[in-house]
Amino acid sequence: MLHSQEIPPFPHFRQTGFIALRPPRPLIRARAAVSHTLKVPIDYSDPDGPTFDLAIGRIKALNPAKRAGVLIIHPGGPGASGINPFILRNAIPAESALRQNFDFDTTNAARDVDTVRAALGEKQISFFALSYGTQVGRQYAELFPRNLRAMAIDSNMDHSITSAYRYLQTTTEDLEGSFKAFAQWCGQTSACALNGDVTAVWDKLHKQATEGTLKDPETGDPITAEQLRVLLFESMYDPAGSWFDLATQLKALAGGQAAKLGATTKATDDRRPVTATGRPLH
């Protein structure tokens, strides 16, 4: 992780043409939403180097008279899309004070956030972030404290973690704890399809998937160990909405029945962003 003193200043990005919003693409214009692309450098320490197009989704405040500015949302990841849940699927309802009083924009890492702020012509922004996005939020506060009007961050990451290994270690420990909670709940819930030894069923399925012998009974396609872990991982985000379905799917797989492995993934997409390959993100 980079701290402010480790990141070279980027004083001339206005002169390099990076802050140039392209015309809105027609792909995302539903419900008064607008999509732009913003050209930003891959490496801010080399502003004249390679660039990429950063997708920005925007919806206007529903009550312009009480508009409080721009609220930039970072949904987590790394790499999660804020456009699907917040721009296309109205994750924050219209009657919410947030939707009434703020323009919504979705974006990426800390310096990208400030590039978007400058492109919008805003002196300050409000910032909301989840999970990995909290890391970006705190980095933004360190780098650009005067540009921040207010910030709310949920499910905070440990800001002291500076290595990928330690990040993966803590994530794995958290998932293991969530799985144990799921197993305990299922053992105490008679309506749970796996009421009994959840761990034994999981271990058997995971072993089969690792060996390449676990098949989707409906299609005959192999189910990889990673696909199985994705199913588990996604379901941990929403115990009330996913744990019954997860138990049913695992029982079906263990019994050689069609499990519709993607059902939880599709349902989760409305709540939690995934990558193009379906990988879940924090």
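Strands E3 (residues 70-74) and E5 (residues 125-130) pair in the parallel sense over four bridges; two strands pair if DSSP finds at least two bridges between them. This is a predicted model: local features need pLDDT of at least 70, side-chain atom pairs count only at pLDDT 80 or more, and totals for chains, interfaces and linings use all residues. Residues are numbered from 1 along each chain as its sequence is written, and side-chain values use heavy atoms, with hydrogens and water left out. Helices (H or I, at least four residues) and strands (E, at least two) are DSSP runs, numbered from the N terminus.

**Strand E3**
- Five of the five residues in E3 are buried (under 20% relative accessible area, 1.4 Å probe, protein chains only).
- Both faces of E3 are covered. Val70, Ile72 and His74 are buried on one side, Leu71 and Ile73 on the other.
- Ile73 stands opposite Phe128 in E5.

**Thr170 in helix H5**
- Thr170 belongs to helix H5 (residues 164-188).
- The relative accessible area of Thr170 is 17%, so Thr170 is buried.
- Asp158 is 12 residues from Thr170 along the chain, and their C-alpha atoms are separated by 9.3 Å.

**Helix H8**
- Helix H8 (residues 239-254) has 16 residues and should span 22 Å at 1.5 Å a residue. The expected span is 1.5 Å times one less than the number of residues.
- The end C-alpha atoms of H8 are 21 Å apart, which agrees.
- Buried residues in H8 include Trp243, Leu246, Leu250 and Leu253.
- An α-helix has 3.6 residues a turn, so residues three or four places apart point the same way.
- Gly256 follows H8, with a positive phi near 75 degrees.

Technical notes:
Buried means under 20% relative accessible area, exposed over 50%, partly exposed in between (1.4 Å probe, protein chains only).
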